Amino acid sequence: MVLLRIIGCLFFLVFGGSTHAADLLKGKASFYGRHDSGGQVTAQGRRYDPNGMTTAHRTLPFGTRLRVQHGRRCALVVVNDRGPYKRGRILDLSVAAARTIVGPPMSIFSIASSSVQSGLA
């Protein structure tokens with residue numbers, strides 16, 4: 001599974017994704033659902049899966065795929081929820097996504113993100 005995530009990030013680096021400044025997000029991210037075993041319903045209407053590669057964003061369309069990077073580590077995630085609601089944060093990542101890019105999840109960490117594919121609403 002980790003190998004597939006690495007291959008996905010490498011594929012993105014080689015074959016594209018957005019490089020326009022307007023499509024780049026930089027800021028603080030956090031993770032959510034650490035003590036939640038899943039089952040909560042997301043804003044998209046699906047059950048939250050802490051092992052899924054998902055994220056919450058305030059305004060991006062559901063289904064938008066993002067490449068999220070912290071240092072040299074990256075993860076490909078899909079927007080399926082709304083948030084974060086804490087000032088100064090731009091993404092709330094699932095536990096699995098946070099673990100992929102920062103190892104043991106830290107509370108708040110710096111990220112750079114770019115759109116791979118826009119959602120379909």
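Strands here are DSSP runs of E at least two residues long, numbered from the N terminus, and two of them pair if DSSP finds at least two bridges between them. The model on screen is predicted.

Start with the hairpin. Select β3 and β4, which form it with two residues between them. In the turn, pick G71, whose phi is positive at about 65 degrees. Then show residues 65-70, strand β3, beside β4: the two run antiparallel and are joined by six bridges.

Select A56 to see D81 of β4 standing opposite.

Move on to the loop between β4 and β5 (89-93), where P84 has its place. Select G83 together with P84: the peptide bond joining them is cis, with omega about -5 degrees.

Now turn to the largest nonpolar core, which has 23 residues. Select V68, V77, L91, L93, I101, F109 and I111, the residues with the most contacts inside this core. Then colour β1 (24-31), β3, β4, β5, α2 (95-102) and β6 (108-117), each of which supplies at least two core residues. The largest share, six residues, comes from α2.

End at L93. Which residues is L93 in contact with, leaving aside neighbours within four places in sequence? They are A29, S30, F31, Y32, T54, T55, V68, V77, A98, I101 and F109.

Conventions:
Residues are numbered from 1 along each chain as its sequence is written. This is a predicted model: local features need pLDDT of at least 70, side-chain atom pairs count only at pLDDT 80 or more; totals for chains, interfaces and linings use all residues. Side-chain values use heavy atoms; hydrogens and water are left out. Helices (H or I, at least four residues) and strands (E, at least two) are DSSP runs, numbered from the N terminus. A nonpolar core is a set of buried Ala, Val, Leu, Ile, Met, Phe, Trp, Tyr and Cys residues joined through side-chain atoms within 4.5 Å. Buried means under 20% relative accessible area, exposed over 50%, partly exposed in between (1.4 Å probe, protein chains only). Contact means heavy atoms within 4.5 Å.
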